[in-house]
Amino acid sequence: MVLGLNKDTPLEEYTIKGRSVWVKRDDLMGDGTNLPPWGKMAAIYELVDKYVDKSKPLTHLSVDGSWSGWTLAAVCEDLGIEFHYSHPDSKKISKQLLSEVKENYPNCKFNPIRPNMMAIMYNSLKKQAREEGWQMLPYAFDHNFYKDYLKNRIQPYTHFKNLIVSSGSGVSLSGLAKGFFEEELKEFWPNTDRKIYTTCVSSNSSISKMLIKNGLGQLPIDIRKSEYDFDDRMDWYETPFPCNQFWDIKQWHWLENNIEQIDGDILFWNIGGKYLYN
C-alpha cells in the first residue's frame, strides 16, 4: 500500500448549538505529505489496482483544486504504472503542487492541455489518450467498483438518521447513498424518515441526474447549491477541523446555520482537508 494511506480514519464528536455532530474524518486518509488529505484515495487505489493494465500508461485530468493527479501519481508509483498527470495549462493550476508531485514522484510525467470547459478538455484528452495508447479512468471515478467501495465503507455508520456530505459531481455521493440507504433500496418505493443533505457547487440538476443514473432518484436526498462559488475559499470562516475550501467547508457552514431543520442524530462525512496551494 502506498506510503501515507490510512484507511482507519476516526469518527469524532463535535457540537453545534449544543447538539452532537459526529464527523467521519476521512480527510485523515492522507498524511498531507506523501498523500493529500482526501477520503477518496483508498477507493482510487483499489480501483487502479484491480482495473488498470499495469503494462500500459495511464492518464487522468486533474483541474484546479483537485487532488486526483497527486493521488494517482502516488498510486501509480506504488503499483509500477507509468502515469501522465494531465492538467489545464492555466495560471489557476498550482505550480507549487506540480513541483512537489514531481519531486516526490519522479516517474510522473506531466501533460499540460489547452484550458477550456471541462467537457471539452476531457474529450480532448480522450482523443489524445487513444492516439498515445494511454488508459483513462472514468470522469470523477464514475465506476461501479469505486461507488461500491464507498457503499461498503459507510456500512458501520448506517444507524445514523441523517447524513450530511458535500457533492461535486455526485459520484461519491451516489456511492455513500447506496450504502446509507441499503435497506431502503430493497423496497420498490422507500418509506423512511432518514435523510441525506448535500451542498454542491455545480448545479442541483447535475447532482440529480447522477443520482437518477445510479437508481437513487427516489430517495430523500436534499440537494442545494451553495451560495458561495467554487473559487470562494471562505478564508474568513473557521471550522473545528480541517475542511476542504472548495467543497466540505460549504457543507459545514450550511449545517452550522441550519441544524435546527434536522431531526435526529447527525453524521457529517468530511471528504477533504484543507487545500494549501494557491
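## A walk through the predicted fold

The structure holds 0 disulfides, a disulfide being a pair of cysteine sulfur atoms within 2.5 Å. Cys 108, for instance, is in no such bond, and the nearest cysteine sulfur, that of Cys 76, is 8.3 Å away. Cys 108 is also buried, with a relative accessible area of 9%; buried means under 20% relative accessible area, exposed over 50%, and partly exposed in between (1.4 Å probe, protein chains only). For Cys 243, the closest cysteine sulfur is in Cys 200, and at 17 Å it is too far for a bond. Cys 243 counts as buried too, at 1% relative accessibility.

Before we go on, please keep in mind that this is a predicted model, in which local features need pLDDT of at least 70 and side-chain atom pairs count only at pLDDT 80 or more, while totals for chains, interfaces and linings use all residues. Residues are numbered from 1 along each chain as its sequence is written, and side-chain values use heavy atoms, with hydrogens and water left out.

Let us turn to the sheet. Helices (H or I, at least four residues) and strands (E, at least two) are DSSP runs, numbered from the N terminus. Strands of a sheet pair through backbone hydrogen bonds, either parallel or antiparallel. Here, two strands pair if DSSP finds at least two bridges between them. The 6 strands of an open sheet follow the order 1-2-10-7-8-9, and their pairing is mixed. At the edges sit strand 1 (11-16) and strand 9 (221-225), each of which pairs on one side only. On average, neighbouring strands of this sheet are turned by 25° against each other, direction ignored. Helix 7 (residues 204-213) packs on the sheet and touches strand 8 (195-200) and strand 9, where contact means heavy atoms within 4.5 Å. The direction of helix 7 makes about 150° with that of strand 9; axes are lines fitted to C-alpha atoms, for helices over the stretch in contact, and angles run from 0 to 180 degrees between N-to-C directions.

Strand 1 pairs with strand 2 (residues 19-25) in the antiparallel sense over 6 bridges. Among them, Glu 13 has Trp 22 of strand 2 as its bridge partner, and Glu 12 has Val 23. The two strands form a hairpin with 2 residues between them, and Lys 17 in the turn has a positive phi of about 50°.

Positive phi values turn up elsewhere as well. Phe 141, in the loop between strand 6 (135-136) and helix 5, has a phi near 60°, a positive value in a residue other than glycine. Phe 141 counts as buried at 4% relative accessibility. Met 234, found in the loop between strand 9 and helix 8 (248-258), has a positive phi near 50° and is likewise a residue other than glycine. Met 234 is buried, with a relative accessible area of 1%.

The helices come next. Helix 1 (residues 41-51) packs against helix 2 at an angle of about 45°, with their axes 10 Å apart. That makes helix 1 oblique to helix 2, since angles under 35 degrees count as roughly parallel, over 145 as roughly antiparallel, 65 to 115 as roughly perpendicular and the rest as oblique. Helix 1 contributes Met 41, Ile 44, Tyr 45, Val 48 and Asp 49 to the contact, and helix 2 contributes Thr 71, Leu 72, Val 75, Asp 78 and Leu 79. Helix 1 passes helix 2 in a right-handed crossing; a crossing is left-handed if the near helix is turned anticlockwise from the far one by less than a right angle, and right-handed if clockwise.

Helix 2 (residues 68-79) also holds Ala 73, which is buried with a relative accessible area of 3%. Ala 73 touches Phe 83, Val 101, Tyr 105 and Cys 108, not counting residues up to four places away in sequence.

Finally, helix 5 (residues 144-153) and helix 6 (residues 171-180) pack at an angle of about 45°, with their axes 7 Å apart. These two helices are therefore oblique to each other, and helix 5 passes helix 6 in a right-handed crossing. On the helix 5 side, the contact is made by Tyr 146, Lys 147, Leu 150 and Lys 151. Residues of helix 6 in this contact include Val 171, Ser 174, Gly 175 and Lys 178.
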